[in-house]
Amino acid sequence: MTTKTKKNEFSPNDHVVYPAHGVGQIISIEEQEVAGMTLELFVISFEKDKMTLRVPTHKATEIGMRSLSSPDVVSQAMKTLKGKAKVKRAMWSRRAQEYEQKINSGDLIAIAEVVRDLHRADDQREQSYSERQLYEAALERLTREVAAVSGGDEVSAARKVDEVLGLRAA
């Protein structure tokens with residue numbers, strides 16, 4: 001009977017976070033026949049990426065799909081942004097891998113850590129291309145979730161995140 005409880009966890013029109021893609025919206029729950037078996041699927045739309053994803057309902061929590069963060073978690077993420085950057089002395093490739101894992105974890109606090117660690121103030125040295133890519137990916141995930149949780153748009157969420165990063169101790 002576990003499938004019943006899992007299924008009711010998410011419903012159409014809910015905003016959810018899919019670890020590898022960020023915030024999406026469940027459009028519907030449909031049944032589809034795959035290899036002779038009938039599967040129940042969440043149909044999730046990622047408007048920004050013009051992408052639709054179908055996730056089996058019984059696998060959703062297993063793969064890390066979750067509801068939006070609570071406002072408490074968002075304020076915790078904002079506190080994380082204010083902190084001092086913690087850049088490890090490891091090789092860039094190793095750090096880049098860790099940042100990538102944090103971004104794809106779907107964990108808002110971990111994503112905020114990446115934004116904090118890769119953020120550059122105007123007076124700091126230029127970022128490499130790969131640093132910039134990771135920073136923008138993390139910033140976009142953070143901003144989209146902050147916008148979805150607050151019910152506002154991404155522009156005001158981006159402004160809020162920028163403000164917090166601007167206040168940060170260098």
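I started with the sheet: it is open, with 5 strands in the order β4-β3-β2-β1-β5 and antiparallel pairing. Strands here are DSSP runs of E with at least two residues, helices are runs of H or I with at least four, and both are numbered from the N terminus. Two strands pair if DSSP finds at least two bridges between them. At the edges I found β4 (51–56) and β5 (66–67), each pairing on one side only.

A note on the source: this is a predicted model, where local features need pLDDT of at least 70 and side-chain atom pairs count only at pLDDT 80 or more, while totals for chains, interfaces and linings use all residues. Residues are numbered from 1 along each chain as its sequence is written, and side-chain values use heavy atoms, with hydrogens and water left out.

Next I looked up β1 (residues 15–18) and β2 (residues 22–34): they run antiparallel and are joined by 4 bridges. V16 stands opposite G24 in β2. Helix α5 (residues 129–150) packs on the sheet and touches β1, β2 and β5 (contact: heavy atoms within 4.5 Å). The direction of α5 makes about 90° with that of β2.

Then I turned to a helix pair. The axes of α3 (residues 92–105) and α4 (residues 108–118) come within 7 Å and cross at roughly 140°. Axes are lines fitted to C-alpha atoms, for helices over the stretch in contact, with angles from 0 to 180 degrees between N-to-C directions. α3 and α4 are therefore oblique to each other; angles under 35 degrees count as roughly parallel, over 145 as roughly antiparallel, 65 to 115 as roughly perpendicular and the rest as oblique. Among the residues making this contact, I noted W92 and Y99 of α3 and I111 and V114 of α4.
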